[in-house]
Amino acid sequence: MDPLLVSGENLRIDDVVAVAAGRPVALDPAAVPRMERSRAAVERLVAEERAVYGITTGFGRFKDRLISADEVRQLQLNLVRSHAVGVGPDLPDDVVRAMMLARANTLAIGHSGARPSIVRLLLDMLNAGINPRIPSQGSLGASGDLAPLAHLALVVIGEGEVRVGGKSMPGGAGLAAAGLQPIELEAKEGLALLNGTAQMVGMGALLARRAINLVLTADIAACLSLEALHGTDRAYDARVHALRPHPRQINCADFLRLVLAGSRFLRRDDPNNVQDPYTLRCVPQVHGAVRDSIAYAQWVIDIELNTVNDNPIIFVDEAGEIDVVSAGNFHGEPVALAMDYAALGLTELGNMSERRCARLVDADSNGGVLPMFLTANGGLESGLMMAQYTAAALASENKVLAHPASADTIPTSANVEDHVSMGAAAVRQAGQILTHVETIVGIELLLAAQGIDFRYREMGLTPTDLGEGTGVAYRLLRERIPFLQSDVALSPYIEAARQVVSEGLIKRSVESHLRMKV
């Protein structure tokens, strides 16, 4: 595979996903002159003993403490060590890799004053599979993700801890094993590594890609439930959605019609049953709005990946004049709000799916279309009753996690940093919600497939009479999960269904089939 060239200009979410999964990387030669120009500016500032925040001064509340030229290296070293205060479970390796790529790309833009060798080492670490051990908690998302990035920077200087091939070892040993040398930080470089949004934007990129997969899989699950419950697709009529032209509502309805095309499981016009419950009838409206929340997050992340988000920012004009601006591009509010919005959208996606689960197992609410708890031997057997309990438990937990992290703030650094975004917490909460909803949608698929097996016998049909997309989904499920004839431990089957969702198997299979058919 060709390496991804890191230039600071055109990194996208799909690139982050690919590098997190192992794609090699290299520094774009075009980025080197820009970095060298800003680096030369830093060295000049130090030589001239100009008072510049974080270069010849202390940090935060110590911004007025001048640092002599012979102490600027020690200042950067002290910064990295003192800010490595992370706690909690370690971030997964794919998230760490996404963070490293995001930080390298920001530095490559050439306004941070870091040498190209810093970026090259980060990229060499990615190529060698050296993953710094980074605790997940500690970032306020205001002066960037300071604590997590300090743990990353520790490895750059040969300290901290790393994971290589699943094994933990000291950072210096990990570098040495790959033939890499740690770097002695010069003026500004510790601050350039720490002061940015790499944790929230790296995690956010991976989350956005998973969320896109999830919402399309939830569309497919809703269609399979519609067929199992003998519903109608009349509410998905293109004319209806043209009258309320939210684009992603329209896109969702279009997709649902493709997935259901040719289905013989759907209810024909019935004057005694003209419309379905909201969780079936309003899928385009609700799932379409969820798509909006994910699209907004994707838009924000794609921008943030290619920004200078540290402080101070170094400008050098054509005449060589230097201007250093202390500002606030490190503040994570854009990402925090986007992730809170996505978390709310994903919570609603789970709420819709859980309610369809409840209808699938409740003969009273589905009008006796399906047997109570999807078992033919109710009473002696409990059937799939408890699967909905799990879906309900996860949906309820999501309602707590959906509280916006960005609504909270606690001042820090002796009230100098007096408003924080909590962006990293917003991404972590959205990630927890997403994982829960993957399970809920997996449970819905499990229940809907069980319902289809009852329906096709009663209707004198076969699974080949399912829609173009739902038929693909049903067959894929049945390759992994059998029809459950009697009570069994459901956890392994729920996990198998979750994996089908989280790995994107149903989405990819259905999309591939529909592209072949259209």
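A salt bridge is a side-chain nitrogen of Lys or Arg within 4 Å of a carboxyl oxygen of Asp or Glu. The structure discussed here is a predicted model.

Q: How far apart are the closest N and O atoms of arginine 355 and glutamate 354?
A: Side chains of opposite charge can pair when their charged atoms come close. The cut-off for a salt bridge is 4 Å. Arginine 355 and glutamate 354 form such a bridge, and their closest N and O atoms are apart by 2.7 Å.

Q: Which residue is buried, glutamate 354 or arginine 355?
A: A residue counts as buried under 20% relative accessible area, and as partly exposed between that and 50%. Arginine 355 has 43%, so it is partly exposed. At 7%, the buried residue is glutamate 354.

Q: Is arginine 239, the salt-bridge partner of aspartate 237, buried or exposed?
A: The closest N and O atoms of aspartate 237 and arginine 239 are 2.7 Å apart. Aspartate 237 has 19% relative accessibility and therefore counts as buried, the limit being 20%. Arginine 239 has 61% relative accessibility, and over 50% a residue is exposed. Arginine 239 therefore counts as exposed.

Q: Which residue forms a salt bridge with arginine 50?
A: Arginine 50 is partly exposed, with a relative accessible area of 33%. The closest N and O atoms of the pair are 3.6 Å apart, and the partner is glutamate 48.

Q: How many salt bridges does the rule count in this model?
A: Some charged residues are linked in a network of salt bridges, namely Asp90, Asp93, Arg133, Glu161 and Arg163. The count of salt bridges comes to 30.

Q: What is the relation of helix H9 to helix H16: roughly parallel or roughly antiparallel?
A: The axes of H9 (residues 198-228) and H16 (residues 423-459) come within 9 Å and cross at roughly 20°. Angles under 35 degrees count as roughly parallel. H9 is therefore, relative to H16, roughly parallel.

Q: How many nonpolar residues are in the contact of H9 with H16?
A: H9 passes H16 in a left-handed crossing. By class, the contact has eight polar residues, six charged ones and, as the number asked for, nonpolar residues to the count of 20.

Q: How many of the 31 residues of H9 are buried?
A: H9 reaches 44 Å from its first C-alpha to its last, close to the expected 45 Å. The helix is largely enclosed by the rest of the structure, because its buried residues number 29.

Q: Which residue in the loop between H15 and H16 has a positive phi of about 70°?
A: Phenylalanine 373 has a positive phi of about 60°, but this residue is found in the loop between helix H14 (333-361) and helix H15 (385-401). The residue asked for lies in the loop between H15 and H16. It is not a glycine, and its name is asparagine 415.

Q: What is the omega of the cis peptide bond that joins asparagine 311 and proline 312?
A: Most peptide bonds are trans. Proline 312 lies in the loop between helix H13 (283-304) and strand S8 (313-316). The bond that joins asparagine 311 to proline 312 is cis, with an omega of about -5°.

How values were computed: Residues are numbered from 1 along each chain as its sequence is written. This is a predicted model: local features need pLDDT of at least 70, side-chain atom pairs count only at pLDDT 80 or more; totals for chains, interfaces and linings use all residues. Side-chain values use heavy atoms; hydrogens and water are left out. Buried means under 20% relative accessible area, exposed over 50%, partly exposed in between (1.4 Å probe, protein chains only). Axes are lines fitted to C-alpha atoms, for helices over the stretch in contact, and angles run from 0 to 180 degrees between N-to-C directions. Helices (H or I, at least four residues) and strands (E, at least two) are DSSP runs, numbered from the N terminus. Angles under 35 degrees count as roughly parallel, over 145 as roughly antiparallel, 65 to 115 as roughly perpendicular and the rest as oblique. A crossing is left-handed if the near helix is turned anticlockwise from the far one by less than a right angle, and right-handed if clockwise. Ala, Val, Leu, Ile, Met, Phe, Trp, Tyr, Cys and Pro count as nonpolar, Asp, Glu, Lys and Arg as charged, and the others, Gly among them, as polar. The expected span of a helix is 1.5 Å times one less than its number of residues.
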